[in-house]
Protein chains: 2
Amino acid sequence: MSPTPAKSRRDTSGYPSLTEGAYAALRHGILTSHLAPGSKLVLDHLKDQLRIGIAPIREALARLAGEGLVDTESQRGFWVSPVSVDELQQLGELRATMEVMAFRHAMETDHRLLQDRLGEAWRSFKEVGQRAGETEPLNDTWDERHLRFHTALFCGYESPAMLRIYVNIYARLERYRRLGIDRKGFLAGVIDDHSRLLEHVEAHDIEAGSQLIRRHIQDVVEIVRSNVGWTEPRARGS
Amino acid sequence: MSPTPAKSRRDTSGYPSLTEGAYAALRHGILTSHLAPGSKLVLDHLKDQLRIGIAPIREALARLAGEGLVDTESQRGFWVSPVSVDELQQLGELRATMEVMAFRHAMETDHRLLQDRLGEAWRSFKEVGQRAGETEPLNDTWDERHLRFHTALFCGYESPAMLRIYVNIYARLERYRRLGIDRKGFLAGVIDDHSRLLEHVEAHDIEAGSQLIRRHIQDVVEIVRSNVGWTEPRARGS
DNA sequence: CGACGGGGAAATATCGATTTTTTGCTCTGG
DNA sequence: CCAGAGCAAAAAATCGATATTTCCCCGTCG
């Protein structure tokens, strides 16, 4: 009935609670490096920026700390987790391993389902994926559809346990991707990997698919690593 | 100078903040299933039990939610994450994969370091590990040393990224271990796996070590699965 | 000149009270 | 007997104020 859904006095944004709004805002800020890696997250400032009390902010930060996007030290506050080449590589390795695991599992469990999900995700992705290879930088839409493509690999798992962990790792890598690929665009080859993977699925070639996944992710790690300006761990700063 | 370290009016326990105390208490309660899987976590009750305000409790719960030990739904509160056979298997598979990955990496990177760390951890573990095979149930000390043994495998990684994720998965499995092994004691063979792994390290046999790790973890998953009373996902309850 | 320490400003951590939302129950009409 | 409206109690979410701790500047002493 009501066009605006049950206006409450508080909630400004479209989130069900202030905590969720703060969580989304902070997470996005971190993943886009609008909040710089290693920088201090001062509660009072965030309070003024987000126009909400400190309680929901602390709660959102605690959640992000649990996810590894924020560091916290008792009585000292919160920081955006720093980035480092070493972490980039470890996350990349782990992501590749998990995807291959999921891929094999899905291929062996329900090949048809995987083919459907992946095909659907690919069609959605390629609309926006191609453009990013030319002029546009990686943006939210791109990343959302790209993520959807890769999570389709996990369709063989019923419980969301594996997927949740994967998504966390993916998110942590998203920050590196944007840091290292942002302005340079993307190698067309890396984009094409996705359609090639789909072909391997259709051909029921598990080995080729696994290798492709590994290389795909390793390539991105390398691209990022060669583009970023820092070589050593970026410790705490402003 | 001060014998009691800077007595503050608040902090009762030995934790640097109430949030940390609540976090530790809740985490422990969940891992031991003293807080039953799927059960509602009512803020007012926790407030009375822990004798602290709601703010630090919410913060601790938010952190646990980020780690996957607690589920939360906007405006509806917090629940202990439910358990399921499917999740047990996925976590087991992922743990095995990560350990093998770490093992290979450590063997190839700095074999000597791994041997030292693992040997040290083994000596510490076997004191308490043997007893658990007979009469004693798995307890905090056992689990702490057992964890230390397995985390020694990660000594090849500099950045703590991989280790953090592993520890999270390990913890989530700890709950299942205690649920399924608690009273029945432990198969001696499973305990011996650890010394056998050490032998493989000394013999520099990567393949044998990897296989042992996989089987070791898979065995525990099987033991738990056959001992627990539930077969299907345990949804939300009291 | 550098270690030390006082002291106020800044920032964090926590509480108690208030506002909103959800949950159960009861009553009513069909 | 069931669906749904209407309340009251319970629980969650949030705020503003306060207590506590850390940070940082600066003067002093060796």
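What percentage of the 238 residues in chain A is buried? Buried residues make up 39% of chain A, where a residue is buried if 20 or more other C-beta atoms lie within 10 Å of its own, exposed if 12 or fewer, and partly exposed in between, with C-beta atoms placed from the backbone. The model is predicted: local features need pLDDT of at least 70, side-chain atom pairs count only at pLDDT 80 or more, and totals for chains, interfaces and linings use all residues. Residues are numbered from 1 along each chain as its sequence is written, while chains are lettered from A and ligands numbered from 1 in the order in which they are written.

Chain A contains nine helices and three strands, which are DSSP runs numbered from the N terminus (helices: H or I, at least four residues; strands: E, at least two). Along the sequence of chain A, these elements follow the pattern α-β-α-α-β-β-α-α-α-α-α-α. Of the contacts in chain A with a separation of 6 or more, 75% join residues 24 or more positions apart; two residues are in contact if their C-beta atoms, placed from the backbone, lie within 7 Å.

In chain B, three strands form an open sheet in the order E1-E3-E2, with antiparallel pairing. Strands E1 (40–41) and E2 (70–73) of chain B stand at the edges with a single partner strand each, so one side of each has no neighbour in the sheet. Four bridges join E2(B) to strand E3 (residues 77–80) of chain B in the antiparallel sense, and two strands count as paired if DSSP finds at least two bridges between them. B:Glu73 has B:Gly77 in E3(B) as its bridge partner.

The contact between the chains takes 30 residues from chain B and 30 residues from chain A. On the side of chain B that touches chain A, helix H3(B) gives the most, with nine residues. Because 100% of the interface residues of chain B are also interface residues in chain A, the copies meet through the same surface.

A:Ser74 lies in the loop between strand E2 (70–73) and strand E3 (77–80) of chain A. A:Ser74 counts as exposed because it has 10 C-beta neighbours inside 10 Å. Leaving aside residues up to four places away in sequence, A:Ser74 touches B:Pro16, B:Ser17 and B:Glu20.
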